[in-house]
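Subject: The structure, and some notes on it

Hi,

Here is the structure you asked about. Have a look at it first, then read on for what turned up.

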Amino acid sequence: MKIDTFLLERSQTLYENEVEINLTESGVHHATMADLVPPDEMDAIRDLPLGYGYTDGTPALRQAVADWYPASSAENVLIANGTSEANMLALMSLADPGDHMVMLTPNFMQLDGLARALGVEVTRVPLRPDNGWQPDMDDVRAAIRPATRLVTLCDPNNPTGVLMRGETRRALAALTEEAGVWLLVDEIYRGSEIDGRPPATAWGLGRKVIATGGLAKSFGLPGLRMGWCIAPPDLVTRMHERQDYTTIGTGPLAQELSRRALTNPVRDRLLARGRQILSAGRGRVEDWLRGRNGWSLVQPEASGMAFVAYDLDMDSERFVHELRDRTGVFVCAGDWFGIPRHIRIGFGVDRSDLDMGLERIDAFAKSHAG
């Protein structure tokens, strides 16, 4: 099977652990075991059987995920190795070779590459800054064909951090329902709303709406590799049938720690911790950009990423590689999301790393100013 290089993920894998300052992360600085397991409960973790357990996720974990979504039950939950596996299983269950998918961009480009590799044609519909990075219903409607099986987007958006408006979310769900196609919303950043508004979801807005999510971003627990899909039970069954050919399931340790993370009061405590980190980081980036003529920020409403337009005479991939090689600071290229002359800076990281990274980006930019 021919498959394009996933530039974002391949670049992070190659460099994120080798650079001095990694600002490619888009979530919250990681939490620890101590944030999930009090000292008097550590024995329960030490004694946890490390057999196969529930390959489809323990009933308690699936219920904990369901409790975070309206009108949902454990039967609506598929447990996966990260949101990426959940996205892949959804795509494999919804589309066949020769079918068509509509993808709203910018986006995390996993499904774009996977769909084309699997023989599914992809039409990209751009979100426009002059429309507040919101989907235009006329553009989406025009892209849907008789062979279209799904429309997909990321909300909150990657890489802008912009939230879809409630009326837009409802209109998009109504449009896809009318067209008879599925709406797949990657909600990995749900819960990272910086100003504390309740976490919205597309789940429940239509009979053919599904949502994926996970613990990597807003919860600060990427090391658990825990994700999920919220879908009608018959689709969950089809996804399980495909998961039997991929990872089979997740491990019992990750499942138990994830159950704890998703059960209150721990869930609310982790999300509050994340919002505090993100608020401070966003403010630091805003302060840094003041007075920098020719540079601008898409105001992030959620997540830990600042999507910054710059005025240097170089494309974003060259910017990223030269910055990394010369200063030891690693950021993401806008070209990896289909948006040129932008960089994505992670601000949910350790504060000292963020401060030092921004200072070095500043020096690098001044050295290249015309």
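One cut-off before the details: a residue is called buried when its relative accessible area is under 20%, exposed when it is over 50%, and partly exposed in between. Also keep in mind that this is a predicted model.

Let's start with Lys366, since that cut-off settles its label: Lys366 has a relative accessibility of 58%, so it counts as exposed. Its salt-bridge partner is Asp362, with the closest N and O atoms 3.3 Å apart. Both residues belong to helix 12, where they are four residues apart, about one turn of the helix. Asp362 has a relative accessibility of 18%, so this residue counts as buried.

Asp362 has another salt bridge, to Arg292, and here the closest N and O atoms are 1.7 Å apart. What does that pair tie together? Asp362 and Arg292 are both buried.

Salt bridges turn up elsewhere too, with 27 in the structure. One of them is between the side chains of Arg360 and Glu20, at 2.8 Å from N to O. Arg360 sits in helix 12 (residues 351-368) and Glu20 in the loop between helix 1 (7-15) and strand 1 (21-22), so this pair ties together parts that are 340 residues apart in sequence. As for accessibility, Arg360 is partly exposed at 22%, whereas Glu20 is exposed at 53%.

Next, strand 10. Is this strand enclosed or open? Five of the five residues of strand 10 (residues 305-309) are buried, so the rest of the structure largely encloses it. In a regular strand, side chains alternate between the two faces of the sheet. Here both faces are covered, with Met305, Phe307 and Ala309 buried on one side and Ala306 and Val308 buried on the other.

Strand 10 also has two pairings to look at. It runs antiparallel to strand 9 (residues 296-298), joined by three bridges, and Phe307 is the bridge partner of Val298. The hairpin of strands 9 and 10 has six residues between the strands, and Ser303 takes a positive phi there, near 80°. Strand 10 is antiparallel to strand 13 (residues 342-346) as well, with five bridges between them; Met305 has Gly346 as its bridge partner in strand 13.

Then there is Arg282, in helix 10 (residues 266-289). Buried or exposed? Its relative accessible area is 10%, so Arg282 counts as buried. The Arg282 side chain reaches the backbone oxygen of Pro300 at 2.8 Å. Leaving aside residues up to four places away in sequence, Arg282 touches Ile194, Asp195, Gln299, Pro300, Glu301 and Phe347.

Last, helix 5 (residues 110-117), which is mostly covered, with seven of its eight residues buried. The buried ones are Gln110, Leu111, Asp112, Gly113, Leu114, Ala115 and Ala117. What covers them? The cover includes helix 4 (82-94) and strand 3 (100-105), along with strand 4 (121-126), strand 5 (148-154) and strand 6 (182-186). After helix 5 comes Gly119, which has a positive phi near 85°.

Cheers

Note on methods: Residues numbered from 1 in each chain as written. Predicted model: local features only at pLDDT ≥ 70, side-chain atom pairs only at ≥ 80, totals over all residues. Heavy atoms only, no water. Buried < 20%, exposed > 50% of the residue type's maximum accessible area, 1.4 Å probe, protein only. Polar contact = N/O pair within 3.5 Å; in protein donor to acceptor, adjacent residues only side chain to side chain. Contact = heavy atoms within 4.5 Å. Pairing = 2+ DSSP bridges. Salt bridge = Lys/Arg side-chain N within 4 Å of Asp/Glu carboxyl O.
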